[in-house]
Amino acid sequence: MDSAEFHAAVYHVVRQIPYQRVTSYGHIAKLIGMPSYSRHVGQALKFLSGDVEPPVPWQRVISSAGMISSRGPGTDDAQRQRDALEAEGVEVVVGRTGELRVDLATWGWFPASGTIDIGLPLAPTGVSGATDGDGAGV
């Protein structure tokens, strides 16, 4: 999967996260068959254009610990993400050290690999690098 296909798959899967639910960067990576690419999922969402159609609900993707990423000093993206999630009715709390957290047991969406359309055709059997959607070779 090249970079453009990876980004397209990330956006396609993120669009399927239900309203009032969140999932992790790592789970998106797992769903598209690239389980060790969670940071790349974050990068794909970071570079997402605000005017992409249909919209990608980027705010529904958080860390596997349930935290909203700070995105570095001097940015307000964590607060924007909190505001967007709260507007959907997702509860965001401030942790002991000031981090923004979502309870994954309550708000999490973690479908099994292979049960979500990743928006890409599967390569024919025997083609090098092809996967069946759960990271295993075809």
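**Close-up views of a predicted model**

**View 1. Helices α1 and α3 cross.** The axes of helix α1 (residues 3–14) and helix α3 (residues 38–46) cross at roughly 80° and come within 10 Å of each other. Here axes are lines fitted to C-alpha atoms, for helices over the stretch in contact, with angles running from 0 to 180 degrees between N-to-C directions. Helices (H or I, at least four residues) and strands (E, at least two) are DSSP runs, numbered from the N terminus. The two helices, α1 and α3, are therefore roughly perpendicular to each other (angles under 35 degrees count as roughly parallel, over 145 as roughly antiparallel, 65 to 115 as roughly perpendicular and the rest as oblique). On the α1 side, the contact is made by F6, H7, V10, Y11 and V14, and on the α3 side by H40, V41, A44 and L45; contact means heavy atoms within 4.5 Å. By class, the contact of α1 with α3 has seven nonpolar, two polar and no charged residues (Ala, Val, Leu, Ile, Met, Phe, Trp, Tyr, Cys and Pro count as nonpolar, Asp, Glu, Lys and Arg as charged, and the others, Gly among them, as polar).

A word on the model: it is predicted, so local features need pLDDT of at least 70 and side-chain atom pairs count only at pLDDT 80 or more, while totals for chains, interfaces and linings use all residues. Residues are numbered from 1 along each chain as its sequence is written, and side-chain values use heavy atoms, with hydrogens and water left out.

**View 2. The largest nonpolar core.** This core has 22 residues, and those with the most contacts inside it are V10, V14, I28, I32, V41 and L45. A nonpolar core is a set of buried Ala, Val, Leu, Ile, Met, Phe, Trp, Tyr and Cys residues joined through side-chain atoms within 4.5 Å. Buried means under 20% relative accessible area, exposed over 50%, and partly exposed in between (1.4 Å probe, protein chains only). Helices α1, α2 (25–31) and α3 each supply at least two residues of this core, and α1 gives the most, with six residues. Not counting residues up to four places away in sequence, V10 touches I28, I32, V41, A44 and L45. Apart from this core lies another, of 11 residues, among them L85, V90, V92 and L104.

**View 3. V13 in helix α1.** Found in helix α1, V13 is buried, with a relative accessible area of 0%. Its contacts, leaving aside neighbours within four places in sequence, are I28, L31, I32, W109, I116, D117 and I118. V13 and I32 are 19 residues apart along the chain, and their C-alpha atoms are separated by 7.8 Å.

**View 4. E99 and its partners.** Look for E99 in the loop between β3 (93–94) and β4 (100–101). E99 is buried, with a relative accessible area of 17%. Its side chain makes polar contacts with the side chains of T97 (2.4 Å) and R101 (2.9 Å). A polar contact is a pair of N or O atoms within 3.5 Å; within protein, one must be able to donate a hydrogen and the other to accept it, and residues adjacent in sequence count only if both atoms are side-chain atoms. Leaving aside neighbours within four places in sequence, E99 is in contact with M67, V93 and V94.

**View 5. Backbone details in two loops.** In the loop between α3 and β2 (61–62) sits P54, and the peptide bond from E53 to P54 is cis, with omega near -10°. Q20 lies in the loop between α1 and β1 (23–24). Phi of Q20 is near 65°, a positive value in a residue other than glycine.
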